[in-house]
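Hi,

Here is the structure I promised to pass on. Have a look through it first, and my notes follow below.

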Amino acid sequence: MQSREADMTQNLRDLLFDLLVTGYTFYQVSPSEEGNNVKIKVLNPLNTFIDENYDSPYVKNSYRSVVRTWMTKD
């Protein structure tokens with residue numbers, strides 16, 4: 001079990017690495033189970049597909065995004 005600070009440090013490292021390698025970073029924010037905090041999930045840029053809006057240079061103005069997740073045998 002990791003502490004909250006270690007988890008945030010690892011998330012920031014992953015985001016910086018993705019930014020340096022691919023030029024994009026993607027993350028998903030959702031409420032925690034208790035409802036009093038947020039969880040940040042770093043998404044792999046290789047498994048994230050953006051339907052770009054060519055009228056805007058920003059990814060946040062895109063029409064939709066799809067995140068591919070891999071299933072395990074379990």
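Where is Ser 32 found? Ser 32 sits in the loop between strand E1 (26-31) and strand E2 (38-43). Keep in mind throughout that this is a predicted model.

If you skip the neighbours within four places in sequence, Ser 32 is in contact with Asn 37, Val 38 and Lys 39.

Now the overall picture. The protein chain has 1 helix and 4 strands, and along the sequence they follow the pattern α-β-β-β-β. The radius of gyration is 15 Å, well over the 11 Å that the globule rule gives for 74 residues, so the protein chain is more spread out than a compact globule. As for dimensions, the C-alpha trace spans about 45 × 30 × 30 Å along its principal axes.

- Of its 74 residues, 16% count as buried.
- Take the contacts between residues at least 6 apart in sequence: 19% of them join residues at least 24 apart.

On to the rings. How many aromatic pairs does the structure hold? It holds 1 aromatic pair. The partners are Tyr 24 and Phe 26, and they are stacked, at 5.9 Å centre to centre with 10° between the planes. What about their exposure? Phe 26 has 12% relative accessibility, which is under 20%, so Phe 26 counts as buried. Tyr 24 has 43%, which falls between the 20% and 50% cut-offs, so Tyr 24 counts as partly exposed.

Last stop, further along the chain. Thr 69 is found in the segment after strand E4 (64-67). Is Thr 69 buried or exposed? With 57% relative accessibility, Thr 69 is over the 50% cut-off and therefore counts as exposed. Thr 69 and Lys 41 are 28 residues apart along the chain, and their C-alpha atoms are separated by 13 Å.

That's what I have for now.

Cheers

Methods
Residues numbered from 1 in each chain as written. Predicted model: local features only at pLDDT ≥ 70, side-chain atom pairs only at ≥ 80, totals over all residues. Heavy atoms only, no water. Helix = DSSP H or I, 4+ residues; strand = E, 2+ residues; numbered from the N terminus. Rg over C-alpha atoms; globule rule 2.2 N^0.38 Å. Buried < 20%, exposed > 50% of the residue type's maximum accessible area, 1.4 Å probe, protein only. Contact = heavy atoms within 4.5 Å. Phe/Tyr/Trp six-rings, centres within 6.5 Å; stacked < 30°, edge-to-face > 60°.
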